[in-house]
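Subject: Structure handover

Hello,

Here is the structure I promised to pass on. Please open it first, then read my notes below.

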Amino acid sequence: MSTNLLSGGQLVVAALRAHRVDMAFSVAGESYLEVLDALFDAPEVRLVTCRQEGGAAFMAEAYGKLTGKPGVLLVTRGPGACNASIGIHTAFQDSTPMVVLVGQVARHQIDREAFQEVDFRKMFAPLAKWVAQIDMAERVPELINQAFQVATSGRPGPVVLALPEDMLRDHSAAAVVGPYRPVRAHPGAADLAALRRLLVAAERPIMLVGGGGWDDRACQDITKFAEANQLPVCCSFRRQDIVDNRSPSFVGDLGTGASAILVARIKEADLMLAVGARIGEITSQSYSLMGIPDPGKVLIHVHTGAEELGRVFRPSLPIQSGMPEFAAAAAALPPVPAQRLSDWRAAVRSEYEAGLVPTAAAGAALDLGKVMTWLRDRLPDDAIVTTDAGNFSGWPNRFLQYRRPGRQLGPTSGAMGYGVPSAVAAKLVHPDRLVVGFCGDGGFMMTGQEIATSMLERVGPIILVFNNAMYGTIRMHQERRFPGRVVGTALKNPDFLGLARAYGVFGASVSRTEEFAPAFEEAAAGKGPAIIELKMDPEMITTRTTLSEIRREAEARQVQGMEV
Ligand SMILES: Cc1ncc(C[n+]2csc(CCOP(=O)(O)OP(=O)(O)O)c2C)c(N)n1
Ligand SMILES: [Mg+2]
């Protein structure tokens, strides 16, 4: 064998290097030993050894969200891929670039239902942007290059490549190529002129920003455009870090706990300029924000994927563009004579500001509104906040103010278990920044074991566990629909302080408002991971209502025979 021949596994790692991969997340498997062995000689690729593929996949997804570069995930055949699927689905729904390498049975065993064999093309067909299998070592450079192109171009997303184990042992002299070059459209001059004409004619315009693909510069540009044109700007579900929430143009988010006043304002608007957002189910408040397919107002929709334009809502002006390209062009447009719009913008902004004031938590020893207000002032501008899925996320989403270069990382897919792994990944990418992961007791217990990964990697996110001893979100829906009939939603938790101790990390349990600040400061002063339990009053089911209120309202509706 001549020395310029590389094994399939070595070619995979050479290709990752050519695409400038600096970090990859894995749970090891015997199906891809050749790739692992080649990583032994590639110190520039930091291999993060995780504890469960779901956590590893969430880490790769968070890496992709944070950097705009594909998060790279390595997992083993059927069992590893099955565990990883939650993070792949999240990358798909959240339009996050990701490249997943899955070990596969040997080529001559395929279709025998060999040990751990799964047809990944079928399994991931609706979960990934593209799925392929590399059957020849000489095609590794070609297919890995295509994977990086597809993951990052147009609407970004996850790509899965299956690697048969015998292919990884074959040798080839194929030359690797890289780095990938993402393809993004630019807005045309005619589109921009039409956009400006429509804005000039509007009386109550509103902008919606969201989706992925925003870098810090694009965020600055779009904020400049909004401010110069007196546009109120809201953001889609869990994309609150695009426009500085302290800007006079920022007016709130369209998440699961969106303010009813903001929703009414959007319905009242005569022009919607949606930039980057898909206008999905949560953002569109169950597709109720506008008419379908005719929105009943001027809709200008800017998105990086052509297939998203005209999906559900028919835009008056569709513009296919990447976010940096659109934001730069919009910021360079001469502002519309917008003085007449300033009252409209200011009114919507003042409603957002009023919503930042927490309603007093009647008698609760731990007033989460006060805790969030304290954190809002305490978090540095570059802090990274990650959130899991669940009702507790209403607290940071409503009361914190996001801004660049800080970030908000949350699963728009609504996947529980995201909070801890994404916080670990954020700390790996930015070890010098403060990273705070917000979790419910339900979500924390799904992937909290990745704290062990942060210990191995010597990075220290601060994890807040909102303990209400229940799957609170589902309990809320239960009380609305079947008041008083609680089933399948109560939880018995471990002693979180004891758990922190078992991991050997800083732990604190907070049951009174005044205990939070000292616990947080102690956690922030330490370098390692920290778990802070927030013992909630279970009544505080959302930032706006209590469990009893929800139950009483549902019972009253039943009495009136309005619904079952
Ligand atoms: C992986 C996954 N499983 C189940 C659900 C359904 N679900 C949504 S929220 C929720 C409860 C979340 O509980 P917790 O993390 O304790 O937060 P809380 O709602 O109590 O604040 C559940 C079970 C989900 N979104 N994701
Ligand atoms: Mg809970």
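This is a predicted model: local features need pLDDT of at least 70, side-chain atom pairs count only at pLDDT 80 or more; totals for chains, interfaces and linings use all residues.

Where does Ile292 sit? Look in the loop between strand 12 (271-275) and strand 13 (298-303).

Next, the metal site. Which residues coordinate the magnesium ion (ligand 2)? The donors come from Asp441 (OD), Asn468 (OD1) and Met470 (O), at 2.1 to 2.2 Å. Along the chain, these donors follow the spacing D-x26-N-x1-M. Asp441 belongs to helix 16 (residues 441-447). Asn468 is in the loop between strand 18 (462-467) and helix 18 (472-481). The pair therefore ties together parts that are 27 residues apart in sequence. Both Asp441 and Asn468 are buried.

Six strands form an open sheet, and their order is 3-2-4-5-7-6. The pairing is parallel. Which strands are at the edges? Strand 3 (46-49) and strand 6 (130-133) are, and each pairs on one side only. On average, neighbouring strands of this sheet are turned by 20 degrees against each other, direction ignored. As a general point, strands of a sheet pair through backbone hydrogen bonds.

Strand 7 (residues 158-164) pairs with strand 5 (residues 98-104) in the parallel sense, over seven bridges. Two bridge partners to find: Val102 goes with Ala162 of strand 7, and Gln104 goes with Pro164 of strand 7. Strand 6 is also joined to strand 7, by four bridges, and the two run parallel. There, Val131 stands opposite Val160 of strand 7.

How many residues of strand 7 are buried? Seven of its seven are, and the strand is mostly covered. Pro158, Val160, Ala162 and Pro164 point one way. Val159, Leu161 and Leu163 point the other way. Residues on both faces of strand 7 are buried.

Best wishes

Methods:
Residues are numbered from 1 along each chain as its sequence is written. Chains are lettered from A and ligands numbered from 1 in the order in which they are written. Side-chain values use heavy atoms; hydrogens and water are left out. Donors are N, O and S atoms within 2.8 Å of the metal (3.2 Å for Na, K and Ca); water is not among the atoms, so sites may look incomplete. Buried means under 20% relative accessible area, exposed over 50%, partly exposed in between (1.4 Å probe, protein chains only). Two strands pair if DSSP finds at least two bridges between them. Axes are lines fitted to C-alpha atoms, for helices over the stretch in contact, and angles run from 0 to 180 degrees between N-to-C directions.
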